[in-house]
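Subject: Model handover

Hi,

Here is the model I promised you. Please open it alongside these notes.

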Amino acid sequence: MDESIFPNVEVTRRTVIETGTTALLLSSLPHGVLASEPDQADRTPASIELLVNGHAHTLALDPRTTLLDALREHLTLTGTKKGCDHGQCGACTVLVDGRRVNSCLTLAVMHDGQSITTVEGLAFDQDLHPMQAAFVEHDGYQCGYCTSGQICSAVGMLAESREGMPSYVTADLIQPLTELSDNEIRERMSGNICRCAAYPNIVAAIKQAMGEQT
Ligand code: FES
Ligand code: FES
């Protein structure tokens, strides 16, 4: 037993069993052992530069700010959605230097100097990105909450595929895939959950966009 943590209590196996609770242990902990108190220095804003959708932004952020919160709360780019905030749904997917990333799982300071593309940055002036147009054409959504993440993920996924990246269901790791089967698309998009279950339409939209070589 670490006596520096439990200085005033003689804790034995019997005391714990007799009290039937861990309250004795918890109440005797020195202040700050369970909930460490962040040093004030840790909260010093960090100055970072992000190139978001082609525009340079200098931000002073709490170093604990996620990329998702930096985009939504500091740059008011609310097209990127917060679903689970735990890396489980994919609603927050953006492209970082062309690679898809769950922006709720990464800190903004880790992307100082990098290029971020959100759903707002995919269109060319008034023209939708082919992936966006395909989602509209195929009704690849119902409530739309997952849609920006689905679209960004699909754009990144096709780029990965073109570079020859295999997936878990790719049978031949030698021959490059010329086109993705429904199974490949479903596997590669499996990090993006749609609670409205618009999956058949999402797959159809991606296949169309794939044909247009987005
Ligand atoms: S909000 Fe990021 S994965 Fe769900
Ligand atoms: S369209 Fe509603 S969650 Fe996907």
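Tyr 168 sits in the loop between H5 and helix H6 (182–188). Helices here are DSSP runs of H or I with at least four residues, strands are E runs of at least two, and both are numbered from the N terminus. This is a predicted model, in which local features need pLDDT of at least 70, side-chain atom pairs count only at pLDDT 80 or more, and totals for chains, interfaces and linings use all residues. Residues are numbered from 1 along each chain as its sequence is written, chains are lettered from A and ligands numbered from 1 in the order in which they are written, and side-chain values use heavy atoms, with hydrogens and water left out.

Tyr 168 is exposed, at a relative accessible area of 73%. The cut-offs are under 20% for buried, over 50% for exposed and partly exposed in between, with a 1.4 Å probe and protein chains only. The C-alpha atoms of Tyr 168 and Glu 184 are 8.5 Å apart. Along the chain, 16 residues separate the two.

Ser 161 is in helix H5 (residues 147–162). Ser 161 is buried, with a relative accessible area of 12%. Neighbours within four places in sequence aside, Ser 161 is in contact (heavy atoms within 4.5 Å) with Leu 180 and Arg 188.

**The sheet**

Five strands make an open sheet with mixed pairing, in the order E2-E1-E5-E3-E4. Two strands pair if DSSP finds at least two bridges between them. Strand E2 (55–61) and E4 are the edge strands, each pairing on one side only. On average, neighbouring strands of this sheet are turned by 40° against each other, direction ignored. H5 packs on the sheet and touches E3, E4 and E5. The direction of H5 makes about 40° with that of E3. Such angles run from 0 to 180 degrees between N-to-C directions; axes are lines fitted to C-alpha atoms, for helices over the stretch in contact.

Now E3 (residues 93–96). Both faces of this strand are covered. Thr 93 and Leu 95 are buried on one side, Val 94 and Val 96 on the other. In a regular strand, side chains alternate between the two faces of the sheet.

E3 runs antiparallel to strand E4 (residues 99–102), and four bridges join them. Val 94 has Val 101 as its bridge partner in E4. Val 96 stands opposite Arg 99 in E4. The hairpin of E3 and E4 has two residues between the strands, and Asp 97 there takes a positive phi near 50°. E3 also runs antiparallel to strand E5 (residues 115–117), through two bridges. Leu 95 has Thr 117 as its partner in E5.

E1 and E2 are antiparallel too, with seven bridges. Leu 51 pairs with Ala 56 in E2. Their hairpin has two residues between the strands, and Asn 53 takes a positive phi near 50°.

**Helix H3**

In helix H3 (residues 67–74), the buried residues are Leu 67, Leu 68, Ala 70 and Leu 71. Their cover includes strand E1 (46–52), E2, E3 and E5. Just after H3, Thr 76 takes a positive phi of about 50°.

**Helix H4 and its partners**

Helix H4 (residues 130–137) packs with helix H7 (residues 199–211) at an angle of about 140°, the axes 8 Å apart. That makes H4 oblique to H7. The classes are roughly parallel under 35 degrees, roughly antiparallel over 145, roughly perpendicular from 65 to 115, and oblique for the rest. H4 passes H7 in a right-handed crossing. Right-handed means that the near helix is turned clockwise from the far one by less than a right angle, left-handed anticlockwise. Pro 130, Met 131, Ala 134, Phe 135 and Glu 137 in H4 meet Ile 202, Ala 205, Ile 206, Gln 208 and Ala 209 in H7. By class, this contact has eight nonpolar, one polar and one charged residues. Nonpolar covers Ala, Val, Leu, Ile, Met, Phe, Trp, Tyr, Cys and Pro; charged covers Asp, Glu, Lys and Arg; the others, Gly among them, are polar.

H4 also meets H5. The axes of H4 and H5 come within 10 Å and cross at roughly 130°. The two helices are therefore oblique to each other. Their crossing is right-handed.

Best wishes
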